Structure formats: C-alpha cells, structure tokens
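This briefing covers side-chain contacts: aromatic pairs, charges over rings, salt bridges and a surface patch.

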Amino acid sequence: MPSVAKRMTSVSISGSISATEKSLLLDLGTPLSICRLVCDLLDAVNEPPSNSAQITVDQALWDLTNMKNNPQTFLFDRTCPKKALDDTCLFNPKDGHLFGREKEMEALMGVKRDFSRHFNSLAQSSSDSIQGSSFRGEATFLAGYAGSGKSCLLRSLVHKCHEEQWFVLKCKFDKQTAPLKILAKAFDDFFGLWGPSNEDEHSNLGPSMMKSFRQVCRTMFSTIDSEGYSQLCDLIPNFSRIFPLATSLARDQRSFSNDEVGSAEQRRVHLFHMLFKSLCSTCRPVLVAFDDLQWCNSLVTGCITDFLVNDFIHGEEAGKQGLLIAGTFRSSEVKEGDDLIEKINFLKHSRKTNVTMLTVDELAEKDITQLISAKLGLPIRYTSELARLVHHKTRGNPLYVRQFLKSIIQNNMLEFSVRSRRWTWDCDTVDLQMISDGVAELLTSTFNLLPVPLMKTLKVVSCFGNQFEDSSIELMNSCHQVLPFDMHKELQLAVKEGILEKAGTVYAFAHDLIHEAIYEMVPASNRHLLHKTIGTSLLKSASNKQTIHLQLALERQCYACKAIGILSLAILLQLGEEFPPPVNLSIALTTLSAMQPMLANISKDQMKSLPSMTDTTKLQAMKFLSMLCTLSVMSAPMLLPILSCRMMRLTLDHGFCHDSIIGLVMTGYSL
C-alpha cells in the first residue's frame with residue numbers, strides 16, 4: 001500500500017496519469033466512474049488535453065451529483081452486457097422519464113394545481129355553500145409533430161391525477177375506430193372499476209372515492225330515464241353491473257322517450273352529457289384525457305365543448321364542480337379552420353372555460369446529450385459528440401432518437417464492452433448508418449429485422465387499431481384460420497421488444513406511429529382480404545358461443561376495413577337475413593319508400609301491443625342489426641336505411657324486442 005500511495009503522489013504532482021496509474025486506482029477498489037473522473041481531472045492539466053479530459057468544474061459537479069442521486073446508473077461498475085442493455089430502457093416502452101420536457105411538464109402540472117385549488121376551497125366550505133358553487137371548466141391542449149412526446153406528457157398527467165384520486169377518463173383515438181365508441185369505452189373502463197364483482201378493489205379506492213362514486217350514481221339515477229338506461233347498457237356494458245335492477249326494468253318496459261331529443265345521434269350526445277354531469281356532481285376533480293384528437297370527429301368534440309359551455313352547468317343547480325379536459329393533437333395534421341381548431345376557439349371565445357395551449361417542439365442538442373448520458377451511464381463530456389450526431393440525424397424527434405439508438409445497438413455500432421465496462425462506439429461508423437426522411441421509414445427498416453412469425457402477428461393485430469383484447473387473439477388461435485401458429489407467444493416477444501404494451505387483458509402499441517408503420521407494411525392490395533379473413537375467423541370461432549363474440553367479430557372487422565356492407569351480407573346471411581348486393585342509393589330509396597306507408601298505418605298503441613319476439617335466431621339478428629346500425633351511421637350511411645327497415649320488418653313479422661326501439665329510431669332518422 002505505501003508504494004501505491006507513493007506512486008499516486010507522484011502522479012498528482014506531475015499532472016499526468018498513464019494506464020498503469022489508472023489501474024492502480026482500480027486496484028484500490030475505486031469504482032470505475034470515480035477512477036474516470038479523477039483521471040480526467042488530472043489529465044486536464046496536460047497540454048493539449050484529450051477530448052475526454054476537457055472537463056469543467058460544472059461537469060465534475062454533474063458527475064458527482066449523479067453518482068449520489070443515481071448510483072445504480074452512474075456510480076456502480078457494470079460487467080454484464082445484458083444488464084447494461086436492460087438499464088438503458090430503450091427496449092422498455094414503460095420507461096416514462098422525459099428529457100427536455102421540463103418546461104411543458106411544469107406548465108401542465110401548473111394547470112392541474114390551479115384546477116385543484118378550486119376543489120380544495122370547496123372541501124373547506126360547508127355543505128350549504130357547496131350547493132351553490134360555480135362550475136370550473138378547464139382545457140389544455142398539447143400540439144406537436146408525431147413522436148414529440150405529447151402522449152408521454154399526457155400519461156404523466158393522468159398518472160398524477162390517479163395518485164391524487166381524481167375521477168379519470170382516458171380516450172386514445174385512432175384512424176380505425178369510431179370516436180364515439182372510444183368515448184363509450186372510456187366510460188366503460190371507468191365503471192369497470194366499480195360494481196359487485198370488484199368489491200376487493202374498493203379497499204384500494206378508499207372510502208372517500210366510494211362516497212363520491214355513490215353520489216355519481218345518485219345523480220345518474222335522478223337524471224336518466226328508463227330508455228336512457230337501456231341505451232347506456234348497449235353503449236357501456238359495465239353500466240349494467242352498476243344498476244342491474246334498473247336496467248332490467250328498463251328493458252322490460254321498452255319505453256319511448258318523448259323529450260326534445262330527436263335523432264338517435266342527438267340522443268347519444270344527450271346521454272353522454274348526463275354522464276359528464278353525473279361525474280361532475282361531487283367535490284372530486286374530473287379529468288378527461290383525449291389523445292390524438294386529430295382523429296376525433298365533430299360529434300365527440302362538439303359533445304364535450306357544448307357541455308363545457310352550454311349544458312346544465314351554468315345555472316343554479318347543485319353539484320356543478322368542474323371538469324378538466326386535456327388533449328393532444330398533431331400540429332402537422334390539423335390546420336386553421338379544421339373542426340378541432342374551431343371547437344378550441346369556441347371554448348376560448350365563450351370565456352366560460354380557461355384554455356391553455358402548449359406547443360411541444362423538437363429536443364435540443366443538450367437534451368439529447370443528457371438523455372444519452374442517462375441511458376448509457378456515462379458523463380456528458382463522453383457522450384456530447386455522439387449526441388451531436390444523433391441530433392443531426394434525428395432532428396430532435398424523441399421517438400426518432402429512441403429508434404435510432406435501438407437501431408445502432410442492433411447493428412452493433414453501439415455496444416457494451418466487458419473489458420472497458422462501459423458502452424463504446426465509433427462516431428465515424430455511426431455516421432455511416434443510413435437514415436431516412438421520416439420516422440415511419442426508420443421504424444420499417446427496424447421491423448424488417450424481426451422474426452417472420454412476429455411480423456406476421458403484428459400485421460394481423462394492427463388491423464384491430466391501436467389496441468386490442470386478449471380475447472380476440474384467443475378466438476383467432478382457436479381455429480388457426482388467420483395464422484397457423486400461436487400468436488400469444490409472438491405477442492409476448494413483441495412486449496419484450498418494446499413494440500407492444502400490455503395492461504391486464506389489453507394489448508396496445510407503444511406509439512401510434514409504430515402502429516401506423518406496421519399497418520402500412522401490409523400491402524394495400526391485401527388489406528381488404530386480411531380484414532375479411534380476421535372477421536371470418538372471429539365469426540367462426542364465436543358461432544357456438546355468446547352473442548357478444550358475434551358482436552366482437554363485427555366490430556373489429558368493420559372498424560378495421562371500413563367495409564361494413566360486404567361483411568354484413570356474409571354474417572347476416574348465416575342468421576337467415578339475406579340482402580341483395582350491391583347496396584346502393586337506389587336500393588336504399590326503394591327500401592325506404594316501401595317502409596314508409598307501412599309505418600304510417602301503424603299507431604303507437606298498435607306498436608306497443610305487438611307480441612314479444614321469442615325466436616332466438618331473430619333476436620340474435622336484431623341484436624346484430626342494432627349494433628350494425630350504430631356503426632353504419634359513422635362508416636356506411638348508405639347501409640343504415642336498409643338495416644333499420646329490415647329491423648322493422650322483423651319486428652312486424654316476429655314481434656317486439658328491446659332492439660326494435662333502435663330500428664324504429666334509425667328508420668325515422670333515415671326518413
């Protein structure tokens with residue numbers, strides 16, 4: 001030991017350190033990170049200093065601070081390449097740390113804090129003062145290009161609100177699923193947290209949350225009529241778990257609503273307004289998160305903006321506390337004059353809702369330097385040159401940065417050296433990495449390196465939209481009509497690769513750009529056939545099971561391929577309902593002309609006196625037609641009058657059922 005101390009003293013005096021002296025530091029048991037810092041500080045007095053030795057006091061302080069705060073990454077030695085790769089989190093989609101988004105995150109949390117103060121003041125007030133409290137409407141929108149981190153910021157807000165026990169609804173729109181269905185799914189997920197079958201979860205929700213939810217239920221019970229309950233059960237399956245008795249009575253009554261809500265579309269909007277009103281009837285903050293609003297439509301955006309500005313909340317009613325809307329959209333796909341911008345401007349000009357607009361731009365070079373340093377566990381002076389190259393290649397797109405780093409790891413341009421116990425690379429070699437003009441092209445080139453069975457599976461599930469249920473995979477696996485192998489094994493690999501995420505029984509693509517890139521890899525000429533094969537497979541697997549499986553076969557197929565007419569002919573034929581192809585305007589008008597005089601000669605009392613439908617096949621057909629009518633409003637309007645008129649013919653010939661109401665309303669809507 002004395003000889004070592006003597007050698008180190010001579011080194012510090014001379015101001016120069018060799019490989020031999022560096023090894024002496026390691027022999028003393030010094031972690032490699034500290035050894036590196038000491039060596040760089042000693043080498044800094046050399047003339048000229050090496051690149052790694054160009055260290056400043058601030059950089060040394062940065063090293064020491066990170067060693068203290070994050071020793072697992074910056075202090076402790078690494079010897080296992082697999083562990084080093086796992087620590088980068090590049091292949092882990094749940095890595096939620098955001099680099100270069102501190103300003104946007106602070107602004108988003110500021111909106112949340114201001115909104116929370118309104119409820120804190122309500123909680124400190126007496127119950128009498130709460131009854132007269134004013135409604136607080138708040139909306140914040142994050143705009144940016146694809147892959148800029150908007151969704152990550154929104155997820156961070158959602159996570160924080162969950163921690164603080166807000167009521168939270170989450171909607172992620174995509175190109176393939178009707179926006180109204182996504183909104184209904186958000187409510188279905190919310191109600192799925194409650195009810196008799198989830199009593200074990202109530203302890204986690206807490207008595208305060210349970211008390212607030214009971215208030216929501218009381219408000220719904222007092223504002224929604226029996227027909228509304230029945231329709232909500234169709235839109236939101238978990239709703240029947242909350243009100244099993246009321247919904248059963250509603251189905252038996254088959255009541256008709258004579259209120260001012262005329263069309264079926266207006267009726268649905270009216271029901272969603274009632275749901276929002278019920279959620280806002282407590283002293284608990286409510287967040288509704290809308291991701292990818294560029295794929296939403298005017299029906300849903302109009303529903304929420306009209307509620308914030310006009311509906312129920314500015315009178316003297318009790319229980320009008322507040323609603324926070326947080327949404328994201330791609331600035332490159334939404335321009336001035338589009339419906340979304342018009343709705344945002346409508347909120348601004350109403351002065352009844354506070355609107356905050358945030359722009360999410362590209363990452364700066366210093367942000368990428370910190371990101372790479374954190375991923376590789378190296379000081380920023382070591383990664384600055386690589387970061388400069390990555391910034392130039394990726395133009396500061398966060399998703400692009402992540403995919404680029406993954407690609408150079410997969411191509412062995414960035415690899416962990418066991419000998420050096422750190423990540424190593426050659427910037428000249430990395431600079432040769434071919435790069436395309438868009439994120440999708442980079443993703444495609446990366447996906448082409450994946451195993452063939454995995455890629456086939458990803459192409460199939462991309463037809464379902466951004467997310468899909470595990471039950472759908474089970475149905476397709478049961479007959480192996482789509483793919484001859486077990487898709488579950490491939491999906492597990494996709495989760496491991498960071499392409500998919502899984503929460504419970506739901507799979508979701510890690511990013512909508514990843515979903516788009518994979519879906520675009522299916523040749524356009526083959527997409528229709530693939531969608532039809534998937535729908536046929538689901539139908540075949542569900543043929544001997546519950547009706548809900550039949551609905552699943554239709555919903556997935558219709559939203560994916562946008563060919564409702566063709567699919568309806570195939571499925572309805574198996575239920576004994578044949579339609580003359582092709583469906584066109586002439587057939588639709590002829591069908592309506594034939595139905596109009598038939599309905600004109602039937603009074604309301606005669607309709608209500610019809611016997612109940614008992615034929616099981618016809619009941620299934622009516623259920624199927626009812627759901628298909630709802631879908632066709634958005635996707636195939638030409639099909640709507642033909643479907644609704646067929647429902648009325650079945651009602652007149654075989655008796656009245658709950659779904660006859662839908663047929664009557666849709667026929668009136670078409671006329």
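The points below are grouped by type of contact.

This is a predicted model, in which local features need pLDDT of at least 70 and side-chain atom pairs count only at pLDDT 80 or more, while totals for chains, interfaces and linings use all residues. Residues are numbered from 1 along each chain as its sequence is written, and side-chain values use heavy atoms, without hydrogens and water.

**Aromatic rings**

- The structure holds 13 aromatic pairs (ring centres of Phe, Tyr or the six-membered ring of Trp within 6.5 Å; planes under 30 degrees apart are stacked, over 60 edge-to-face, the rest tilted).
- F115 and W166 form a tilted pair, because their planes stand at 45°, with the ring centres 5.7 Å apart.
- F115 belongs to helix α7 (residues 102-123) and W166 to the loop between α9 (150-163) and β2 (167-172), 51 residues apart; helices (H or I, at least four residues) and strands (E, at least two) are DSSP runs numbered from the N terminus.
- F115 is buried at 0% relative accessibility, and W166 is buried at 3% (buried is under 20% relative accessible area, exposed over 50%, partly exposed in between, with a 1.4 Å probe and protein chains only).
- F187 and F276 pair edge-to-face, at 5.3 Å between centres and 65° between planes.
- F187 is in helix α10 (residues 179-191) and F276 in helix α15 (residues 264-279), so this pair ties together parts 89 residues apart in sequence.
- Both F187 and F276 are buried.
- F167, F190, F191 and F213 are joined into a cluster by ring pairs.

**Charges over rings**

- The charged end of R36 sits over the ring of Y382, 5.6 Å from its centre (NZ of Lys or CZ of Arg within 6 Å of the ring centre and within 35 degrees of the ring normal).
- R284 lies over the face of F167, 6.0 Å from the ring centre.

**Salt bridges**

- The whole structure has 22 salt bridges (a side-chain nitrogen of Lys or Arg within 4 Å of a carboxyl oxygen of Asp or Glu).
- D86 and K82 form one at 3.2 Å, N to O, and both lie in helix α6 (residues 81-88), 4 residues apart.
- D86 is partly exposed at 41% relative accessibility, whereas K82 is exposed at 57%.
- K172 bridges to D512, with the closest N and O atoms 3.5 Å apart.
- K172 lies in strand β2 and D512 in helix α26 (residues 512-520), so the bridge ties together parts 340 residues apart in sequence.
- K172 is partly exposed at 27% relative accessibility, while D512 is buried at 3%.
- K172 and D512 also belong to a salt-bridge network with D291, D292, R330, E333 and E516.
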